[in-house]
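Please keep the sequence and the structure in view while reading.

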Amino acid sequence: MYEFQHTLFAPARYMVDLTQQSLENPMNPLSYMPGAKQIVAACDVMELLTRRYGKPKFGLDTTLIDEIPIEVIEHDVMRKTFCHLKHFERSADVNNDPRLLIVAPLSGHYATLLRGTVEAMLPDHDVYITDWQDSRNIALYEGSFDLDDYIDYVIEFLEFLGPNTHVLAVCQPSVPVLAAAAIMSAEDNPCVPASMTLMGGPIDTRKSPTVVNELSYKRSMDWFERHAIHTVPWPNIGTMRKVYPGFLQLSAFMNMNLEDHIGAHRKMFDHLVEGDDESADKTRMFYEEYLAVMDLPAEFYLQTIREVFKRHSLPRGKLVSRGRPVKCEAITKTALMTVEGELDDISGIGQTKAAQNICTGLPKEMKQHYEQKSVGHYGIFNGRKWKNHIAPKVKEFILKHNQD
């Protein structure tokens with residue numbers, strides 16, 4: 001039905017596009033008639049809401065180091081079936097900067113949602129990021145991907161990058177990153193991260209449960225399998241693969257703050273009518289990123305629901321990955337920082353901080369917690385308060401525990 005809707009809407013989109021171009025043409029006398037600006041603005045908003053968004057680009061071609069523009073070259077250094085490890089290579093000789101692996105969430109949005117996170121860390125760090133692939137574009141014969149595979153990917157990436165690598169996990173990957181660090185520590189792996197920063201993650205969803213947490217806990221696994229899991233239709237490459245569609249995840253998030261989204265588009269309409277293109281472009285840029293979604297592997301989604309939101313396996317010390325018990329008390333060499341937002345409506349207050357309590361093998365001086373006032377979930381890793389308040393503290397923490 002989702003695919004059919006886009007196909008059905010195509011003629012209407014062509015008409016909207018034609019109307020907009022016609023009324024924006026100064027040679028058209030109708031463009032000066034009363035109400036023309038309102039029609040053009042309505043066409044613009046409608047185009048934004050009905051477009052199918054592809055994978056956005058990071059577009060981080062330069063960064064500032066000591067107020068000097070430095071070229072940044074983006075390229076993949078490792079390619080796995082479900083994830084590429086992307087490196088933002090700076091042209092300047094900055095070999096002494098800490099090496100940072102940013103683990104992006106596999107939760108419907110692309111890794112580019114963390115563009116602001118990468119941008120803030122680039123001047124002072126050698127940055128890598130997990131670039132998750134859209135499951136609708138992965139052929140069925142490539143196999144499955146679950147939470148255990150996610151943990152294995154994190155371990156493999158850390159081993160590839162080598163010792164003295166720092167890891168930053170945003171939201172959902174806080175659980176697999178903490179699990180990977182625990183497994184590596186128990187096995188005395190030399191590539192165990194020097195520090196890990198967990199931001200707005202569901203380490204223990206029993207604390208300050210949000211609407212998302214309560215829904216995940218109350219609904220049965222059978223309900224999730226029947227209502228959330230669908231089969232990729234033809235002619236996508238991943239035809240017949242079981243996935244949790246990105247548009248379902250997006251619908252759930254938008255319904256949580258529907259009035260805010262409606263208000264944002266109403267303001268965009270007003271800005272376009274008034275000729276305030278700069279303000280309208282800011283809204284457009286946000287939604288071009290926010291509305292670009294990908295499908296998740298069904299195995300990963302269901303295992304995450306079961307282990308993280310229902311059984312609370314990690315904080316209870318019951319999580320096992322491929323026969324390896326995940327014992328957070330084994331972490332003794334990886335410094336831990338947790339970050340939370342006061343207004344986070346996805347990972348409530350205390351859920352990420354719970355990692356501090358279960359990592360009992362770390363001394364007090366290797367732990368740090370920070371709560372940012374007046375920010376929601378996305379404000380933790382993007383926006384003004386992330387850049388001005390949170391990022392400097394994360395950088396300071398990483399530098400403090402960087403090993404020469």
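The buried residues of helix 11 are covered by, among others, helix 4, helix 5 (174-186), helix 6, helix 7 (221-227), strand 9 (242-244) and strand 10 (296-297). The model is predicted, and local features are reported at pLDDT of at least 70.

**Helix 11: burial and length**

- Helix 11 is mostly covered, with 11 of its 13 residues buried.
- The buried residues of helix 11 are Ala298, Phe300, Tyr301, Leu302, Gln303, Thr304, Ile305, Glu307, Val308, Phe309 and Lys310.
- The 13 residues of helix 11 should span 18 Å at 1.5 Å a residue, and the 17 Å between its end C-alpha atoms agrees with this.
- Just after helix 11, His312 takes a positive phi of about 50°.

**Helix 11 against helix 4**

- Helix 4 (residues 147-161) packs on helix 11 (residues 298-310) at an angle of about 95°, and the two axes are 8 Å apart.
- Angles of 65 to 115 degrees count as roughly perpendicular, and helix 4 and helix 11 are therefore roughly perpendicular to each other.
- On the helix 4 side the contact has Leu147, Asp148 and Tyr150, which meet Phe300, Gln303, Thr304 and Glu307 of helix 11.
- By class, this contact of helix 4 with helix 11 has 3 nonpolar, 2 polar and 2 charged residues.
- Phe300, Gln303, Thr304 and Glu307, which helix 11 brings to this contact, are among the buried residues of helix 11.
- In an α-helix there are 3.6 residues a turn, so residues three or four places apart point the same way.

**Helix 11 against helix 6**

- Helix 6 (residues 211-218) packs on helix 11 at an angle of about 110°, with axes 9 Å apart.
- Helix 6 and helix 11 are therefore also roughly perpendicular to each other.
- Asn213, Ser216, Tyr217 and Lys218 of helix 6 make the contact with Ile305, Phe309 and Lys310 of helix 11.
- The contact of helix 6 with helix 11 divides into 3 nonpolar, 2 polar and 2 charged residues.

**Aromatic pairs**

- The structure holds 14 aromatic pairs.
- One of these is formed by Phe58 and Phe88, which are edge-to-face at 5.1 Å centre to centre, with 80° between the planes.
- Phe58 lies in the loop between helix 2 (36-50) and strand 1 (62-65) and Phe88 in strand 3 (residues 83-90), so the pair ties together parts that are 30 residues apart in sequence.
- Phe58 is buried, with a relative accessible area of 4%, and Phe88 is buried at 0% relative accessibility.
- Phe224 and Tyr301 form another aromatic pair, edge-to-face at 6.3 Å centre to centre, with 70° between the planes.
- Because Phe224 lies in helix 7 and Tyr301 in helix 11, this pair ties together parts that are 77 residues apart in sequence.
- Both Phe224 and Tyr301 are buried.
- Ring pairs also link Phe82, Trp132, Phe145, Tyr150, Tyr153, Phe157 and Phe300 into a cluster.
- Tyr150 and Phe300 of this cluster also take part in the contact between helix 4 and helix 11.

**Backbone features in loops**

- The peptide bond from Trp234 to Pro235 is cis, with omega near 15°.
- Pro235 sits in the loop between strand 8 (230-231) and strand 9.
- His312 is a residue other than glycine with a positive phi, near 50°.
- The loop that holds His312 runs between helix 11 and strand 11 (320-321), and His312 is buried at a relative accessible area of 9%.
- Arg322 also has a positive phi of about 50° although it is not a glycine.
- Arg322 lies in the loop between strand 11 and strand 12 (324-325) and is partly exposed, with a relative accessible area of 45%.

**A buried glutamine**

- Gln372 is found in strand 14 (residues 367-372).
- Gln372 counts as buried, at 6% relative accessibility.
- Neighbours within four places in sequence left aside, Gln372 is in contact with Glu340, Gly341, Glu342, Lys385, His389 and Ile390.

Definitions and conventions: Residues are numbered from 1 along each chain as its sequence is written. This is a predicted model: local features need pLDDT of at least 70, side-chain atom pairs count only at pLDDT 80 or more; totals for chains, interfaces and linings use all residues. Side-chain values use heavy atoms; hydrogens and water are left out. Axes are lines fitted to C-alpha atoms, for helices over the stretch in contact, and angles run from 0 to 180 degrees between N-to-C directions. Helices (H or I, at least four residues) and strands (E, at least two) are DSSP runs, numbered from the N terminus. Angles under 35 degrees count as roughly parallel, over 145 as roughly antiparallel, 65 to 115 as roughly perpendicular and the rest as oblique. Contact means heavy atoms within 4.5 Å. Ala, Val, Leu, Ile, Met, Phe, Trp, Tyr, Cys and Pro count as nonpolar, Asp, Glu, Lys and Arg as charged, and the others, Gly among them, as polar. The expected span of a helix is 1.5 Å times one less than its number of residues. Buried means under 20% relative accessible area, exposed over 50%, partly exposed in between (1.4 Å probe, protein chains only). Rings of Phe, Tyr and Trp (its six-membered ring) pair if their centres lie within 6.5 Å; planes under 30 degrees apart count as stacked, over 60 as edge-to-face and the rest as tilted.
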